[in-house]
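Subject: Structure for your review

Dear colleague,

Please find below the structure that I am handing over to you.

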Amino acid sequence: IDSVDSLRNPWRAFLQKMLVLWGFTPKITKEESAFMMARLLHVDWWRQPARAAALRARRIPTMMVYTKNDPMIEEHLSHELSQALPAGPRLVFPDGGHYANKWHAEPIAAAMLEFMAHSQMNIKAALDDINKVLQCVAVFAVCC
């Protein structure tokens with residue numbers, strides 16, 4: 001739809017409104033909305049369980065943050081992923097939509113600092129797997 005000139009603006013406006021309804025900042029632009037949706041089309045969703053298993057096998061401590069009212073990712077899927085990932089902090093908020101890091105920035109930042117300060121994570125292994133880690137994180141919008 002985005003490639004058709006006559007549909008581009010209405011489509012992007014629709015995406016923008018949907019993302020705001022899903023908990024994203026009202027400051028998100030139509031262009032950012034279109035870019036994000038295009039990126040989502042390239043995520044290998046079916047490979048997420050395998051990526052979680054790979055992280056678990058390497059014993060890379062993993063912090064996970066999600067909300068119970070995320071309109072894009074059902075709570076049970078977030079919970080299942082949190083169980084499949086290696087040990088690490090789990091922050092579950094009752095609200096915040098799909099944008100937990102915006103609405104709960106202070107407790108998330110505090111938990112991240114604590115996690116990094118006390119983690120015995122193998123830094124080399126984490127750096128070697130950074131693309132896999134970032135893809136998992138991006139799915140849950142922890143670092144948006």
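The notes below go from the whole chain to single residues.

This is a predicted model, in which local features need pLDDT of at least 70 and side-chain atom pairs count only at pLDDT 80 or more, whereas totals for chains, interfaces and linings use all residues. Residues are numbered from 1 along each chain as its sequence is written, and side-chain values use heavy atoms, with hydrogens and water left out.

Overall architecture

The protein has eight helices and two strands, where helices (H or I, at least four residues) and strands (E, at least two) are DSSP runs numbered from the N terminus. Their order from the N terminus is α-α-α-β-α-β-α-α-α-α. Of the 144 residues, 35% count as buried; buried means under 20% relative accessible area, exposed over 50%, and partly exposed in between, with a 1.4 Å probe and protein chains only. The protein exposes about 9300 Å², of which carbon and sulfur atoms supply 61%; these areas come from the Shrake-Rupley method with a 1.4 Å probe, and for residues only the protein chains shown count as cover. Among contacts (heavy atoms within 4.5 Å) with a separation of 6 or more, 67% are between residues 24 or more positions apart.

A search of the whole structure finds one salt bridge, defined as a side-chain nitrogen of Lys or Arg within 4 Å of a carboxyl oxygen of Asp or Glu. It joins Arg8 to Asp5, with the closest N and O atoms 3.0 Å apart. The two residues are three apart in helix H1 and are therefore separated by about one helical turn. Asp5 is exposed at 60% relative accessibility, while Arg8 is partly exposed at 25%. Beyond residues up to four places away in sequence, Arg8 touches Ile1, Asp2 and Ser3. The C-alpha atoms of Arg8 and Lys30, which are 22 residues apart along the chain, are separated by 9.8 Å.

Arg12 also lies in helix H1, but Arg12 is buried, with a relative accessible area of 17%. Leaving aside neighbours within four places in sequence, Arg12 is in contact with Asp2, Lys30, Glu31 and Ala34.

Leu7 is found in H1, which spans residues 5-21, and is partly exposed at 39% relative accessibility. With Ile1 and Val4, Leu7 makes a nonpolar surface patch of about 250 Å². Patches are made of residues with over 30% relative accessible area and no salt bridge, like charges being joined within 9 Å and nonpolar side chains (Val, Leu, Ile, Met, Phe, Trp, Tyr) within 5 Å.

Helix H2

Ser33, Ala34 and Met36 are buried in helix H2 (residues 30-40). Seen down the axis of H2, its buried residues fall within an arc of 165 degrees, so they line one face of the helix; the arc is that of the directions from the helix axis to the C-beta atoms. H1 is included in what covers these buried residues. Phe35 and Arg39, on the other side of H2, are exposed.

The two strands

Strand E1 (residues 64-67) pairs with E2 in the parallel sense over four bridges; two strands pair if DSSP finds at least two bridges between them. Met64 has Arg90 in E2 as its bridge partner.

Yours sincerely
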